[in-house]
Amino acid sequence: MKHVVKILSLLVAVSAFWIVLLQAAIVPQSHTWLLPIYFVVSLGCYGLLMVGIGIMQFPTCPQEAVLLNHDIAEAKDFFLSTNGIDIGTY
Amino acid sequence: MAEEKERKGDGKHKYSIIVPTYNERLNIALIVYLIFKHLRDVDFEIIVVDDGSPDGTQEIVKQLQHLYGEDRILLRARAKKLGLGTAYIHGLKHATGDFVVIMDADLSHHPKYLPSFIKKQLETNASIVTGTRYVKGGGVHGWNLMRKLTSRGANVLAQTLLWPGVSDLTGSFRLYKKSVLEDVISSCVSKGYVFQMEMIVRATRKGYHIEEVPITFVDRVFGTSKLGGSEIVEYLKGLGYLLLTT
(Lines give C-alpha, C1' and ligand atoms only; values in the text may rest on other atoms or scores of the structure.)
Protein backbone atom coordinates (compact mmCIF):
# COMPACT_ATOMS: atom_id res chain seq x y z
CA MET A 1 0.00 0.00 0.00
CA LYS A 2 1.37 3.40 -0.86
CA HIS A 3 2.30 5.55 2.12
CA VAL A 4 -0.03 8.37 1.14
CA VAL A 5 -2.94 5.92 1.17
CA LYS A 6 -2.03 4.99 4.75
CA ILE A 7 -2.05 8.65 5.78
CA LEU A 8 -5.33 9.31 3.98
CA SER A 9 -6.97 6.31 5.65
CA LEU A 10 -5.83 7.66 9.00
CA LEU A 11 -7.37 11.06 8.17
CA VAL A 12 -10.60 9.42 7.02
CA ALA A 13 -10.78 7.42 10.26
CA VAL A 14 -10.22 10.54 12.35
CA SER A 15 -12.80 12.49 10.31
CA ALA A 16 -15.33 9.71 10.73
CA PHE A 17 -14.76 9.80 14.48
CA TRP A 18 -15.26 13.58 14.43
CA ILE A 19 -18.51 13.33 12.50
CA VAL A 20 -19.79 10.69 14.92
CA LEU A 21 -18.96 13.03 17.78
CA LEU A 22 -20.91 15.80 16.05
CA GLN A 23 -23.96 13.62 15.57
CA ALA A 24 -23.89 12.03 19.01
CA ALA A 25 -23.59 15.44 20.69
CA ILE A 26 -21.96 13.97 23.81
CA VAL A 27 -19.73 16.99 23.80
CA PRO A 28 -21.43 20.33 23.03
CA GLN A 29 -21.48 20.87 19.24
CA SER A 30 -19.83 24.27 19.44
CA HIS A 31 -16.75 22.58 20.87
CA THR A 32 -16.82 19.70 18.48
CA TRP A 33 -16.78 22.03 15.48
CA LEU A 34 -13.51 23.51 16.69
CA LEU A 35 -11.77 20.17 17.22
CA PRO A 36 -10.07 20.09 13.81
CA ILE A 37 -8.59 23.52 14.48
CA TYR A 38 -7.34 22.40 17.88
CA PHE A 39 -5.85 19.34 16.22
CA VAL A 40 -3.98 21.29 13.55
CA VAL A 41 -2.70 23.84 16.05
CA SER A 42 -1.51 21.07 18.41
CA LEU A 43 0.24 19.36 15.54
CA GLY A 44 1.97 22.63 14.67
CA CYS A 45 3.01 23.20 18.26
CA TYR A 46 4.28 19.64 18.54
CA GLY A 47 6.31 20.13 15.39
CA LEU A 48 7.83 23.37 16.66
CA LEU A 49 8.58 21.75 19.99
CA MET A 50 10.37 18.87 18.26
CA VAL A 51 12.40 21.32 16.18
CA GLY A 52 13.31 23.33 19.29
CA ILE A 53 14.33 20.27 21.26
CA GLY A 54 16.25 19.00 18.27
CA ILE A 55 18.23 22.22 17.98
CA MET A 56 19.03 22.29 21.68
CA GLN A 57 20.18 18.69 21.64
CA PHE A 58 21.94 18.96 18.29
CA PRO A 59 25.09 16.90 18.66
CA THR A 60 28.20 18.88 17.78
CA CYS A 61 31.76 17.74 17.47
CA PRO A 62 34.28 20.60 17.41
CA GLN A 63 37.09 18.18 18.20
CA GLU A 64 36.50 16.50 14.86
CA ALA A 65 37.73 19.55 12.99
CA VAL A 66 40.98 19.36 14.93
CA LEU A 67 41.35 15.66 14.21
CA LEU A 68 40.64 16.32 10.56
CA ASN A 69 43.45 18.86 10.40
CA HIS A 70 45.81 16.27 11.86
CA ASP A 71 44.73 13.74 9.26
CA ILE A 72 45.29 16.26 6.48
CA ALA A 73 48.78 17.09 7.70
CA GLU A 74 49.58 13.39 7.98
CA ALA A 75 48.33 12.72 4.46
CA LYS A 76 50.16 15.66 2.95
CA ASP A 77 53.35 14.53 4.59
CA PHE A 78 52.88 10.96 3.36
CA PHE A 79 52.34 12.01 -0.22
CA LEU A 80 55.02 14.66 -0.41
CA SER A 81 57.97 13.27 1.51
CA THR A 82 57.40 9.58 1.02
CA ASN A 83 56.29 9.59 -2.57
CA GLY A 84 56.96 13.01 -4.00
CA ILE A 85 53.35 13.75 -4.88
CA ASP A 86 52.33 17.32 -4.24
CA ILE A 87 48.61 17.35 -3.58
CA GLY A 88 48.39 21.07 -3.28
CA THR A 89 47.98 23.62 -0.56
CA TYR A 90 45.00 24.51 1.59
CA MET B 1 56.27 3.17 -7.49
CA ALA B 2 53.41 0.76 -6.85
CA GLU B 3 53.01 -0.37 -3.28
CA GLU B 4 51.98 -3.98 -2.92
CA LYS B 5 49.74 -4.50 0.07
CA GLU B 6 49.13 -7.94 1.46
CA ARG B 7 45.43 -8.38 2.00
CA LYS B 8 44.57 -10.67 4.83
CA GLY B 9 41.56 -10.89 7.08
CA ASP B 10 38.02 -11.68 6.02
CA GLY B 11 38.49 -12.60 2.38
CA LYS B 12 34.85 -13.46 1.92
CA HIS B 13 33.61 -9.91 1.34
CA LYS B 14 34.77 -7.17 -0.97
CA TYR B 15 33.71 -3.57 -0.59
CA SER B 16 33.39 -1.27 -3.60
CA ILE B 17 33.61 2.35 -2.48
CA ILE B 18 32.04 4.72 -4.99
CA VAL B 19 33.21 8.33 -4.69
CA PRO B 20 31.65 10.80 -7.14
CA THR B 21 33.89 13.80 -7.68
CA TYR B 22 33.70 17.20 -9.27
CA ASN B 23 36.60 19.55 -8.68
CA GLU B 24 37.92 17.60 -5.73
CA ARG B 25 41.56 17.77 -6.68
CA LEU B 26 42.53 18.75 -3.16
CA ASN B 27 40.34 16.26 -1.32
CA ILE B 28 40.47 13.07 -3.33
CA ALA B 29 44.05 12.25 -2.35
CA LEU B 30 43.18 12.76 1.31
CA ILE B 31 40.16 10.52 1.05
CA VAL B 32 42.16 7.76 -0.61
CA TYR B 33 44.93 8.00 1.98
CA LEU B 34 42.43 7.81 4.85
CA ILE B 35 40.54 4.88 3.33
CA PHE B 36 43.74 2.90 3.02
CA LYS B 37 44.68 3.89 6.55
CA HIS B 38 41.43 2.73 8.13
CA LEU B 39 40.71 -0.38 6.05
CA ARG B 40 44.00 -2.18 6.39
CA ASP B 41 42.71 -5.74 6.54
CA VAL B 42 39.74 -5.34 4.25
CA ASP B 43 39.38 -6.25 0.60
CA PHE B 44 38.13 -3.13 -1.16
CA GLU B 45 38.31 -1.03 -4.29
CA ILE B 46 37.74 2.70 -4.71
CA ILE B 47 35.75 3.75 -7.77
CA VAL B 48 36.21 7.43 -8.56
CA VAL B 49 33.46 8.74 -10.81
CA ASP B 50 34.70 12.09 -11.99
CA ASP B 51 32.49 14.31 -14.12
CA GLY B 52 35.18 15.91 -16.25
CA SER B 53 36.58 18.15 -13.52
CA PRO B 54 38.50 21.07 -14.98
CA ASP B 55 40.75 21.39 -11.92
CA GLY B 56 42.91 18.33 -12.59
CA THR B 57 41.17 15.83 -10.29
CA GLN B 58 41.73 13.02 -12.76
CA GLU B 59 45.46 13.70 -12.96
CA ILE B 60 45.77 13.33 -9.21
CA VAL B 61 43.74 10.12 -9.34
CA LYS B 62 46.10 8.72 -11.95
CA GLN B 63 49.05 9.46 -9.68
CA LEU B 64 47.23 7.68 -6.86
CA GLN B 65 46.61 4.72 -9.14
CA HIS B 66 50.31 4.59 -9.84
CA LEU B 67 50.99 4.52 -6.12
CA TYR B 68 48.31 2.15 -4.88
CA GLY B 69 47.56 0.05 -7.94
CA GLU B 70 44.92 0.21 -10.63
CA ASP B 71 43.09 -2.73 -9.11
CA ARG B 72 42.51 -0.78 -5.90
CA ILE B 73 41.65 2.60 -7.44
CA LEU B 74 39.39 2.63 -10.47
CA LEU B 75 38.95 5.84 -12.39
CA ARG B 76 35.67 5.69 -14.26
CA ALA B 77 35.20 9.22 -15.49
CA ARG B 78 32.42 10.85 -17.46
CA ALA B 79 32.59 13.68 -19.95
CA LYS B 80 30.65 16.29 -18.02
CA LYS B 81 28.62 17.00 -14.90
CA LEU B 82 25.77 14.54 -15.06
CA GLY B 83 24.50 14.38 -11.49
CA LEU B 84 24.82 12.21 -8.43
CA GLY B 85 22.30 9.48 -9.13
CA THR B 86 23.74 8.60 -12.50
CA ALA B 87 27.23 8.76 -10.98
CA TYR B 88 26.27 5.98 -8.58
CA ILE B 89 24.73 3.94 -11.38
CA HIS B 90 27.85 4.42 -13.45
CA GLY B 91 30.09 3.40 -10.56
CA LEU B 92 27.88 0.43 -9.79
CA LYS B 93 28.43 -0.96 -13.28
CA HIS B 94 32.15 -1.26 -12.52
CA ALA B 95 31.85 -2.52 -8.96
CA THR B 96 33.17 -6.02 -8.35
CA GLY B 97 32.50 -6.17 -4.62
CA ASP B 98 29.49 -7.76 -2.95
CA PHE B 99 29.02 -4.60 -0.92
CA VAL B 100 28.94 -1.00 -2.10
CA VAL B 101 29.78 2.06 -0.03
CA ILE B 102 28.80 5.51 -1.21
CA MET B 103 30.42 8.57 0.26
CA ASP B 104 31.28 12.17 -0.53
CA ALA B 105 34.76 13.23 -1.57
CA ASP B 106 34.76 16.55 0.25
CA LEU B 107 35.93 15.17 3.62
CA SER B 108 32.54 15.67 5.25
CA HIS B 109 32.40 11.87 5.40
CA HIS B 110 35.43 10.55 7.24
CA PRO B 111 36.72 7.11 6.21
CA LYS B 112 37.43 6.27 9.86
CA TYR B 113 33.77 5.28 10.16
CA LEU B 114 34.05 2.65 7.45
CA PRO B 115 35.03 -0.11 9.91
CA SER B 116 31.95 0.64 12.02
CA PHE B 117 29.71 0.40 8.95
CA ILE B 118 31.25 -2.95 8.04
CA LYS B 119 31.03 -4.24 11.59
CA LYS B 120 27.39 -3.23 11.96
CA GLN B 121 26.47 -4.97 8.74
CA LEU B 122 28.30 -8.17 9.67
CA GLU B 123 26.67 -8.19 13.12
CA THR B 124 23.12 -7.62 11.92
CA ASN B 125 23.21 -8.85 8.32
CA ALA B 126 21.48 -5.60 7.38
CA SER B 127 20.83 -4.82 3.72
CA ILE B 128 21.73 -1.18 4.26
CA VAL B 129 23.80 0.57 6.92
CA THR B 130 23.34 4.33 6.88
CA GLY B 131 25.33 6.95 8.74
CA THR B 132 23.38 9.34 10.91
CA ARG B 133 24.56 12.68 12.19
CA TYR B 134 21.65 13.22 14.51
CA VAL B 135 22.15 10.65 17.27
CA LYS B 136 24.44 10.53 20.27
CA GLY B 137 27.91 9.62 19.13
CA GLY B 138 27.35 11.43 15.87
CA GLY B 139 27.33 15.12 15.25
CA VAL B 140 28.03 18.04 13.02
CA HIS B 141 30.70 20.72 13.12
CA GLY B 142 30.66 23.95 11.18
CA TRP B 143 26.93 24.61 11.09
CA ASN B 144 25.52 27.90 12.33
CA LEU B 145 22.13 28.21 14.01
CA MET B 146 20.29 28.86 10.73
CA ARG B 147 21.71 25.74 9.18
CA LYS B 148 20.82 23.65 12.22
CA LEU B 149 17.33 25.10 12.16
CA THR B 150 16.68 24.19 8.55
CA SER B 151 18.17 20.77 9.06
CA ARG B 152 16.05 20.05 12.13
CA GLY B 153 12.92 21.53 10.57
CA ALA B 154 13.41 19.49 7.43
CA ASN B 155 13.95 16.38 9.48
CA VAL B 156 10.83 16.83 11.65
CA LEU B 157 8.72 17.50 8.56
CA ALA B 158 10.06 14.45 6.80
CA GLN B 159 9.61 12.22 9.85
CA THR B 160 5.99 13.36 10.29
CA LEU B 161 5.05 12.92 6.65
CA LEU B 162 7.06 9.96 5.53
CA TRP B 163 7.76 7.74 8.58
CA PRO B 164 11.06 6.84 6.94
CA GLY B 165 12.49 4.53 9.59
CA VAL B 166 15.83 6.34 9.76
CA SER B 167 16.89 9.39 11.71
CA ASP B 168 19.00 10.99 8.97
CA LEU B 169 17.20 11.11 5.63
CA THR B 170 19.49 13.28 3.55
CA GLY B 171 22.72 11.65 4.61
CA SER B 172 24.75 10.06 1.83
CA PHE B 173 27.29 7.99 3.73
CA ARG B 174 25.91 4.49 3.32
CA LEU B 175 26.84 0.85 2.91
CA TYR B 176 24.58 -1.30 0.74
CA LYS B 177 24.52 -4.92 -0.23
CA LYS B 178 25.24 -4.65 -3.93
CA SER B 179 22.04 -6.41 -5.01
CA VAL B 180 19.98 -4.14 -2.74
CA LEU B 181 21.54 -0.99 -4.17
CA GLU B 182 20.87 -2.20 -7.70
CA ASP B 183 17.25 -2.89 -6.83
CA VAL B 184 16.61 0.41 -5.04
CA ILE B 185 18.47 2.63 -7.46
CA SER B 186 16.53 1.32 -10.44
CA SER B 187 13.30 2.70 -8.99
CA CYS B 188 14.61 6.17 -8.07
CA VAL B 189 14.20 9.16 -10.35
CA SER B 190 15.01 12.22 -8.24
CA LYS B 191 18.09 14.37 -8.47
CA GLY B 192 20.59 15.64 -5.92
CA TYR B 193 20.00 15.12 -2.23
CA VAL B 194 16.30 14.35 -2.76
CA PHE B 195 17.70 11.31 -4.53
CA GLN B 196 19.35 10.24 -1.25
CA MET B 197 16.01 10.62 0.52
CA GLU B 198 14.21 8.70 -2.17
CA MET B 199 16.69 5.84 -1.95
CA ILE B 200 16.27 5.32 1.77
CA VAL B 201 12.48 5.78 1.73
CA ARG B 202 12.05 3.33 -1.14
CA ALA B 203 14.30 0.87 0.67
CA THR B 204 12.13 1.19 3.79
CA ARG B 205 8.96 0.68 1.75
CA LYS B 206 10.42 -2.42 0.15
CA GLY B 207 11.04 -3.82 3.60
CA TYR B 208 14.84 -3.93 3.53
CA HIS B 209 16.61 -4.25 6.88
CA ILE B 210 18.26 -0.90 7.56
CA GLU B 211 20.66 -0.16 10.43
CA GLU B 212 22.24 3.13 11.48
CA VAL B 213 25.66 4.04 12.83
CA PRO B 214 26.56 7.46 14.26
CA ILE B 215 28.91 9.52 12.14
CA THR B 216 30.42 12.95 12.56
CA PHE B 217 30.14 15.43 9.75
CA VAL B 218 32.62 18.25 9.42
CA ASP B 219 31.22 20.74 6.99
CA ARG B 220 33.15 21.73 3.94
CA VAL B 221 36.48 22.57 5.36
CA PHE B 222 38.17 22.61 1.99
CA GLY B 223 36.98 23.16 -1.52
CA THR B 224 33.93 25.05 -2.65
CA SER B 225 30.44 24.01 -1.76
CA LYS B 226 28.27 22.64 -4.54
CA LEU B 227 25.04 23.36 -2.71
CA GLY B 228 23.23 26.55 -3.48
CA GLY B 229 20.03 28.02 -4.78
CA SER B 230 16.49 27.45 -3.62
CA GLU B 231 17.16 24.32 -1.58
CA ILE B 232 14.05 24.69 0.49
CA VAL B 233 11.75 24.68 -2.53
CA GLU B 234 13.55 21.67 -3.95
CA TYR B 235 13.22 19.91 -0.64
CA LEU B 236 9.50 20.55 -0.27
CA LYS B 237 8.87 19.44 -3.82
CA GLY B 238 10.90 16.32 -3.09
CA LEU B 239 8.92 15.59 0.06
CA GLY B 240 5.65 15.99 -1.81
CA TYR B 241 6.84 13.69 -4.55
CA LEU B 242 7.94 11.06 -2.04
CA LEU B 243 4.71 11.36 -0.10
CA LEU B 244 2.64 10.66 -3.18
CA THR B 245 4.72 8.06 -4.95
CA THR B 246 6.26 5.80 -2.30
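Me: What classes make up the lining of the largest cavity?

Reply: The lining has 4 nonpolar, 3 polar and 2 charged residues. Ala, Val, Leu, Ile, Met, Phe, Trp, Tyr, Cys and Pro count as nonpolar, Asp, Glu, Lys and Arg as charged, and the others, Gly among them, as polar. The lining residues are Glu64(A), Leu68(A), Leu107(B), Ser108(B), His110(B), Lys112(B), Tyr113(B), Thr216(B) and Val218(B). Glu64(A) and Lys112(B) therefore fall in the charged class. This is a predicted model, in which local features need pLDDT of at least 70, side-chain atom pairs count only at pLDDT 80 or more, and totals for chains, interfaces and linings use all residues. Residues are numbered from 1 along each chain as its sequence is written, chains are lettered from A and ligands numbered from 1 in the order in which they are written, and side-chain values use heavy atoms, with hydrogens and water left out.

Me: Why is a space called a cavity and not a pocket?

Reply: On a 1 Å grid over the protein atoms alone, a cavity is a set of points where a 1.4 Å probe fits but cannot get out; a pocket is an open set with protein on both sides within 12 Å along at least five of seven lines, and lining residues have an atom within 4 Å of a point. Grid points are joined across faces, edges and corners, and the volume is the space filled by probe spheres set on them.

Me: Which elements each supply at least two residues of the lining of the second largest pocket?

Reply: They are helix 1 (3–24) and helix 2 (29–56) of chain A, together with helix 5 (145–162) of chain B. Helices (H or I, at least four residues) and strands (E, at least two) are DSSP runs, numbered from the N terminus. The largest share, 6 residues, comes from helix 1 of chain A. This pocket has a volume of about 310 Å³, and its lining divides into 11 nonpolar, 1 polar and no charged residues.

Me: How do you know whether chain A is spread out or a compact globule?

Reply: Chain A has 3 helices and 0 strands. Its radius of gyration is 29 Å, well over the 12 Å that the globule rule gives for 90 residues, so chain A is more spread out than a compact globule. The radius is taken over C-alpha atoms, and the rule is 2.2 Å times the number of residues to the power 0.38. The C-alpha trace spans about 85 × 35 × 15 Å along its principal axes.

Me: What makes the phi of Asn23(B) worth noting?

Reply: Most residues other than glycine have a negative phi. The phi of Asn23(B) is near 55 degrees, a positive value. Asn23(B) is found in the loop between strand 1 (14–21) and helix 1 (25–38) of chain B. Asn125(B) also has a phi near 55 degrees.
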